[in-house]
Amino acid sequence: MNIRELILDMLMEIESGRIYSNVLIRNVLDKYDYLPAKDKAFIKRVTEGVLERRIQIDYILNAFSKVSTEKMKPLIRSLLRMSVYQILFMDTVPDAAVCNEAVKLAAKRKFHSLKGFVNGVLRNIAREKDGIGIDGEPEGKRAEALYPDKGKNPAAYFSVVYSMPQPVVEMWLEDYGTDRTGKMLQALLGIRPVTIRWKESMAEEEREAFLARMEQAGMEVRHHPYLSYAYEISHVEGVRKIPGFDEGMFAVQDVSSMLCVECAGIKEGNLVVDVCAAPGGKSTHAAEKAGKGGKVLARDISEAKIAFVKENAARQRLGNIEAQVCDATVYEESLDAKADVVLADVPCSGLGILGRKRDIKYNLTEEMLSKLPLVQREILDNVWKYVKPGGILVYSTCTIRKEENEENVKWFLDNHPFTAEDFGGKLKGIPHTETAAEGYLQLFPDIHEADGFFIAVFRRKEREER
């Protein structure tokens, strides 16, 4: 097995747009599970790393190559990208070996005439790498000459250095300023551990036994400070290898998503409708809180999405979840004013989870960004009717964008019979949560130990004004 050739094929498949990177990486690692752990780790790191740093890598390639990345053969472009990532961001393989392996792969894939080009570009970059600057914000004369001028054009500078599309950087600069934007971008490049939510019904002794097994398997375990049942697990080859997974003892879920359910105030016996449920983290969490006397209707738009929910519910042995294929924009009269809680984790731009799904940023278009708030409002305009008077609606996104978050909160409260619910009391030990008193909270990756996530909690009025 030539793992570099496997990575090359994976990068080309991802660039084609036929599959999401996280799905492809999971499928490949499952297929080649027999490979040594260090090889699987190498495959994952290089593939994810190239996606994470692609804008910066292309910028550097264009500075050292007479042929721009846009005009390169797709295979050569992917080959150079993965090789540059190894040279600049990894120290496990000597630069000369990276160059040699790239030349061999070019020849193996019938690009004999381009071996000299590949070799020349990579060796020039390797010779200059100390001056290129890739740890934090670049410094030194070579870096100053290479990158856009931060003082004159901060948007271009941040875009290249942190590999973020410039329109996103410009939006954050306008909303949050230079200092905060830089810190957010830096945080999104950080390595995010796997976060799990233990079943709250588990006995402490049983949980401790599973945690001990994790540590014995070489995993690093850390109790998350925000919630008693949340833990971070590092050095994990795959979630299915975490002790307790097959037994259904936990869900893989970011703490931000857990907080979304925690802030809903779900009680034993409640009816909860989760209108955009896949893959089922919130639904299974809500089902635990609703108990055997309660029920969760977990709904999403396709059989494929609902299959994830059913799989998670079955693995965690939760019998009070009913998974249904439904369009959240289509009204269902049978649910009118029936739900104690409605969870609406709507489709969004995903800018808060770029540390986990690195190819999202390359798929955003101006048209998509302009349509998303309209789709979100269409969903809210429909699903609020399912909340009974006095009940709760939780609106959430996994993005950092005021048009999809704060502006939607204002629009919703201006046009629907709901009031903002103060949920600050449910956020003990979490910094900078002042806005929860006004019914909403934006979590930031540089401030909070969580994904970039938005939560708003609304309560339906007992009597509607006429």
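**View 1. Asn408, a buried residue of helix H17**. Asn408 is buried, its relative accessible area being 1%; buried stands for under 20% relative accessible area, exposed for over 50%, and partly exposed for what lies in between (1.4 Å probe, protein chains only). Helix H17, which holds Asn408, spans residues 406-415; helices (H or I, at least four residues) and strands (E, at least two) are DSSP runs, numbered from the N terminus. The side chain of Asn408 is in polar contact with that of Gln376, at 2.9 Å. A polar contact is a pair of N or O atoms within 3.5 Å; within protein, one must be able to donate a hydrogen and the other to accept it, and residues adjacent in sequence count only if both atoms are side-chain atoms. The model is predicted: local features need pLDDT of at least 70, and side-chain atom pairs count only at pLDDT 80 or more, while totals for chains, interfaces and linings use all residues. Residues are numbered from 1 along each chain as its sequence is written, and side-chain values use heavy atoms, with hydrogens and water left out.

**View 2. The salt bridge between Arg109 and Asp9**. Side chains of opposite charge can pair when their charged atoms come close. A salt bridge is a side-chain nitrogen of Lys or Arg within 4 Å of a carboxyl oxygen of Asp or Glu, and by this rule the count is 37. In the bridge of Arg109 with Asp9, the closest N and O atoms are 3.0 Å apart. Arg109 belongs to the loop between helix H6 (95-108) and helix H7 (115-132), and Asp9 to helix H1 (residues 3-15), so the pair ties together parts that are 100 residues apart in sequence. Arg109 is partly exposed at 24% relative accessible area, and Asp9 is partly exposed at 34%.

**View 3. The salt bridge between Asp446 and Arg180**. These two side chains meet at 3.1 Å, N to O. Asp446 is in the loop between strand S11 (440-443) and strand S12 (453-460), whereas Arg180 is in helix H10 (residues 166-188); the pair therefore ties together parts that are 266 residues apart in sequence. Asp446 is partly exposed, with 24% relative accessibility, and Arg180 is partly exposed, with 21%.

**View 4. The salt bridge between Arg356 and Asp451**. The N to O distance in this pair is 3.1 Å. Arg356 is partly exposed at 27% relative accessibility, whereas Asp451 is buried at 6%.
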